[in-house]
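Biologist: Please take me through this chain and say what each term rests on.

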Amino acid sequence: MPASASPPVEPAAPPSGPPPASPDPTGSEAEGEEAGGSFSKPLAVGTVNWGTATLVGVFAGLLYGGSKEASASVSKDAEVMLKMGSTPDKREQYRLMRDAMEKRFIRVAKGSLVGGARLGMFTATFFGIQNLLIDTRGVHDVFNIAGAGSATAAAFGLILPGSIMWRARNVLVGSALGAGICFPLGWIQLKLAEKANLEIANSKPSSDLTEGKGNQSRVGAAIERLEGSLKK
């Protein structure tokens with residue numbers, strides 16, 4: 001008796017439905033970029049950029065130091081002119097004039113560099129401490145500005161030449177003066193920044209409204225022209 005053959009095995013049916021979606025590793029990053037544009041923390045009202053403030057301080061120090069040395073060299077130029085008037089030799093007069101111009105150029109250049117370095121260091125320290133206080137406290141108010149001014153003045157009082165007692169006195173006096181000067185100035189700065197931001201926020205709806213009115217007027221003019229052409 002012949003052996004019965006086994007039935008053929010049917011192929012498995014493919015799974016129905018759409019294939020499972022592969023996880024997108026950048027989905028959360030894309031959502032974050034779409035929601036906020038960037039992951040940078042928004043700056044508080046009145047916050048000043050550290051690099052820009054330092055650069056402005058350096059240029060202001062350059063101008064102040066150069067102008068100070070230029071004004072201080074007027075008396076020395078007068079002395080040179082007196083020497084030139086008392087010297088009959090033309091060559092000696094030219095030599096005196098050349099030496100005076102060279103010395104004046106060196107003094108003005110040195111004063112500009114020293115002034116730029118000093119004011120740049122002061123500005124960088126002040127705004128660096130201020131931004132550090134803002135990041136630490138999570139809020140920008142007048143106490144951050146007063147604290148930054150006090151700490152900066154105390155630090156520069158500490159590096160001044162002199163004895164230990166003299167430096168300690170400079171630290172105390174600088175700390176008090178820095179806080180006393182920066183507190184009202186910081187209050188004024190924050191109030192002006194808040195007022196400017198409020199005016200900017202109030203001007204945006206008015207500009208959008210005028211733009212919408214302009215679009216409506218252009219659409220109305222086009223409709224009127226179309227009606228006029230149809231009536232003809």
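This is a predicted model: local features need pLDDT of at least 70, side-chain atom pairs count only at pLDDT 80 or more; totals for chains, interfaces and linings use all residues.

Modeller: Residues are numbered from 1 along each chain as its sequence is written, and side-chain values use heavy atoms, with hydrogens and water left out.

Biologist: What makes up the pattern of the chain, read along the sequence?
Modeller: The pattern is α-α-α-α-α-α, with six helices and zero strands. Helices (H or I, at least four residues) and strands (E, at least two) are DSSP runs, numbered from the N terminus.

Biologist: How do you know that the span of helix α4 agrees with its 48 residues?
Modeller: The expected span is 1.5 Å times one less than the number of residues. For residues 90-137 that should be 70 Å, and the end C-alpha atoms are 70 Å apart, so the two agree. Just after α4, G138 has a positive phi of about 80°.

Biologist: Which residues make up the largest nonpolar core?
Modeller: A53, F126, F127, V142, I145, A148, C182 and L190, eight in all. Such a core is a set of buried Ala, Val, Leu, Ile, Met, Phe, Trp, Tyr and Cys residues joined through side-chain atoms within 4.5 Å. Buried means under 20% relative accessible area, with a 1.4 Å probe and protein chains only. Helix α5 (142-158) gives two or more residues; with three, α5 gives the most.

Biologist: Why is this core said to lie between domain 1 and domain 2?
Modeller: Domain 1 (49-128) and domain 2 (139-202) both give residues to this core, so it lies between them. The domain bounds come from an automatic or database domain assignment.

Definitions and conventions: Buried means under 20% relative accessible area, exposed over 50%, partly exposed in between (1.4 Å probe, protein chains only).
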